[in-house]
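Have the structure open as you read.

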Amino acid sequence: MIKRIDSLSYKNALRPLSPMWKCGFAVIMLLFSYLTHPPVQVLIALWMTLWTVGYARVPIKYYVTVIGAACLFFVGSVPALVVEIRPLPEAMPDIHEVAAFIFMDWKLSVTSTGLLLIGKLFIRIIASLSCVSFIMFSTPFSELLQVLQKVRVPKLVLEIMLIMYRFLFILFEIANNMYLAQQSRGGQTGFQNRLKDTAIIIVQMFIKTMQRYKSLSNGLVSRGFTDDIHMVPYRANPVPFRYKLESYVGFTLLLLLEIWLH
């Protein structure tokens, strides 16, 4: 999936636009989605989806896959936010209870307040993810580094990000090749065998990654590496007036709606 995202970031219809403008627009909308009410957040999510799927022409199946995969982390925290557990002697009737279960000496209850909180958090997460996905699908990683360099992010941070991004592809390639090799030899069958084979893949991935890292270090030293990776300088690209006008008008309307809701 990461290869597909990297490919789409180079081939999308908004690629010629200024990366600084795209990142600035998405960051402003991200902050706005964090501070506004749920109705405004829903509109932000729909608007940013229009920019990503409609204007950038990113296939919707990849967009939904990325959003859905990120939401899995939220789903894992839902029980802790919704379910309240109390000792049975201390449990008092609650008018906000939607459902209640008694297990031994404990009472498990689901309240409408918790469900309302989950709904608000989910809307905010979707709005925030839509803003981040817009940057991810419309701006290549190399241009994102140029933007970060332009805003004075320390060089050490940029170099670490560059090396980590490179090693992501190496890790996925190694894991995929080892998984296919185990399947061709009759592995990855049954729950216990899957656990053992997965553990072997993790260990071998670490070993092979360290070998690749050592090869990369030797290659940099042999080419005269002086502890400083030079980035390509930032180059500003023009932004069509139509996109500027739509972004200004859309943000103004959302701001007016938020003021009215207050």
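Where is the place of leucine 255? You'll find leucine 255 in helix H9, which covers residues 241-261. Keep in mind that this is a predicted model.

**Around helix H9**
- Leucine 255 counts as partly exposed, because its relative accessibility is 34%.
- Together with Phe241, Leu245, Val249, Leu253, Leu256 and Ile259, Leu255 makes a nonpolar surface patch of about 700 Å².
- Histidine 262 and histidine 37 are 225 residues apart in sequence, yet their C-alpha atoms are 8.7 Å apart in space.

**Rings that pair up**
- Searching the whole structure turns up 14 aromatic pairs.
- One of them is a tilted pair of tyrosine 63 and phenylalanine 137, with 6.4 Å between centres and 45° between planes.
- Tyrosine 63 sits in helix H4 (residues 60-82) and phenylalanine 137 in helix H5 (residues 112-138), so this pair ties together parts that are 74 residues apart in sequence.
- Both tyrosine 63 and phenylalanine 137 are buried.
- Phenylalanine 74 and phenylalanine 122 also form a tilted pair, at 5.9 Å centre to centre and 35° between the planes.
- Here phenylalanine 74 belongs to helix H4 and phenylalanine 122 to helix H5, 48 residues apart.
- Phenylalanine 74 is buried at 9% relative accessible area, whereas phenylalanine 122 is partly exposed at 37%.

**A cluster and some charges**
- Trp21, Phe25, Trp47, Trp51, Tyr55, Phe134 and Tyr243 make up one aromatic cluster.
- Over the ring of tyrosine 55 sits the charged end of arginine 242, 4.7 Å from the ring's centre.
- Likewise, arginine 124 has its charged end over the ring of tyrosine 34, 5.2 Å from the centre.

Conventions:
Residues numbered from 1 in each chain as written. Predicted model: local features only at pLDDT ≥ 70, side-chain atom pairs only at ≥ 80, totals over all residues. Heavy atoms only, no water. Patch = residues over 30% accessible without salt bridge, like charges linked within 9 Å, V, L, I, M, F, W, Y side chains within 5 Å. Areas by Shrake-Rupley, 256 points an atom, 1.4 Å probe, with all protein chains shown as cover. Salt bridge = Lys/Arg side-chain N within 4 Å of Asp/Glu carboxyl O. Helix = DSSP H or I, 4+ residues; strand = E, 2+ residues; numbered from the N terminus. Buried < 20%, exposed > 50% of the residue type's maximum accessible area, 1.4 Å probe, protein only. Phe/Tyr/Trp six-rings, centres within 6.5 Å; stacked < 30°, edge-to-face > 60°. Lys NZ or Arg CZ within 6 Å of the ring centre and 35° of its normal.
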